[in-house]
Amino acid sequence: MNKLLPTSTAGSLPRPSWLAEPEKLWSPWKLHGDELTEGKQDALRVVLSDQQQAGIDIVSDGEQTRQHFVTTFIEHLAGVDFQKRETVRIRDRYDASVPTVVGAVSRQKPVFVEDAKFLRGLTDRPIKWALPGPMTMIDTLYDAHYKSREKLAWEFARILNDEARELEAAGVDIVQFDEPAFNVFFDEVNDWGIAALERAAEGLRCETAVHICYGYGIKANTDWKKSLGEEWRQYEQVFPKLQTSSIGMVSLECQHSRVPMELIELLRGKKVMVGAIDVATDAVETPEEVADVLRRALRFVDADKLYPCTNCGMAPLSRRIAQGKLAALSAGADIVRRELSA
Ligand SMILES: [Zn+2]
């Protein structure tokens, strides 16, 4: 990007009420068959138009064609039985009933590539596409086949790489892997998590990113955040190794978070997507609040590597509030852009 401080969102945006029940995570589709296909494409048009109108520079699909950022991808793979469910502890935080890995996992056909081609056909702006990361994928499954988190992660990394290469060929400019699990399993992240992530991104010529957050604004996450104390130093465990990795960009949470801003210094040289929009509140930030976060981040990241972003996805918010937040992000970035060019 030639423009300084190009804006983007971390991932999901609210889905229209005619497609799925609004202001709710993971709500089921209201349409079926051909109507669902058409409805998803219409939703892609709507979120693209919302982003463009708000002045967002790097657009995304807003995850309009998936119900869940991890499960929808896994649903398309062989080797996972969705009828056979076990209760596991997700991210060491909350119990959930999850599908079981019953055999070798494989991707029979592309998952999001048609959606990406469709979006590419609608816009000339750079497109960022999010995929789940290998560690976050294994953390939402019960594994009765490989019986090794690391082994399963490497299998998923290979599968993700196939998908990522096809997304790149479809015209995606940035492939982002979502790894909230990186904020929890520090030993595994450093032992093999980052290596598996690099495997998922292997050979890509487009930009590559990893999104590490403190999660959506759901109760399990806000309760967890309350238990983390005055300073959230989780990033300190993983940034040093990420800094030496082949991943080009890191997306992180900064607005209203207790992450000490100076931890960004540990990523020096990487492009940093600074979360300047809190997704866990309905209060819409003022442009000045956004600008304040960006100015503080600028002490630790070079201006040409700073990408203003949201803390996480906005799917659970109302469309009106999400639109307000997109506009605030854009206006806040504008303020700092003007200051930098003055
Ligand atoms: Zn997130």
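This is a predicted model: local features need pLDDT of at least 70, side-chain atom pairs count only at pLDDT 80 or more; totals for chains, interfaces and linings use all residues.

**Stop one: helix pairs.** Select E155 and R158, whose side chains meet in a salt bridge at 2.5 Å, N to O. They sit three residues apart in helix α5 (residues 149-169), so about one helical turn separates them. E155 is partly exposed, with a relative accessible area of 22%, and R158 is partly exposed too, at 31%.

Now jump to helix α7 (residues 219-226), where D223 and K226 are also three residues apart, about one turn of the helix. Their side chains form a salt bridge of 3.9 Å, N to O. D223 counts as partly exposed at 34% relative accessibility, while K226 counts as exposed at 66%.

**Stop two: the zinc ion.** Which protein atoms are its donors? Show H211 (NE2), C213 (SG) and C312 (SG), lying 2.1 to 2.3 Å from the zinc ion. H211 is in strand β6 (residues 207-211) and C312 is in the loop between β9 (306-309) and α10 (319-341), so this pair ties together parts that are 101 residues apart in sequence. Both H211 and C312 are buried.

**Stop three: D178.** From H211, hop to D178, which has H211 among its contacts, along with others including E63 and F69. You'll find D178 in strand β5 (residues 174-178). D178 is buried yet has no salt bridge; R66, the nearest side chain of opposite charge, is 5.8 Å away.

Methods: Residues are numbered from 1 along each chain as its sequence is written. Side-chain values use heavy atoms; hydrogens and water are left out. Helices (H or I, at least four residues) and strands (E, at least two) are DSSP runs, numbered from the N terminus. Buried means under 20% relative accessible area, exposed over 50%, partly exposed in between (1.4 Å probe, protein chains only). Lys and Arg count as positive and Asp and Glu as negative; His and the chain ends are not counted. A salt bridge is a side-chain nitrogen of Lys or Arg within 4 Å of a carboxyl oxygen of Asp or Glu. Contact means heavy atoms within 4.5 Å. Donors are N, O and S atoms within 2.8 Å of the metal (3.2 Å for Na, K and Ca); water is not among the atoms, so sites may look incomplete. Lists of a residue's contacts leave out its neighbours within four places in sequence.
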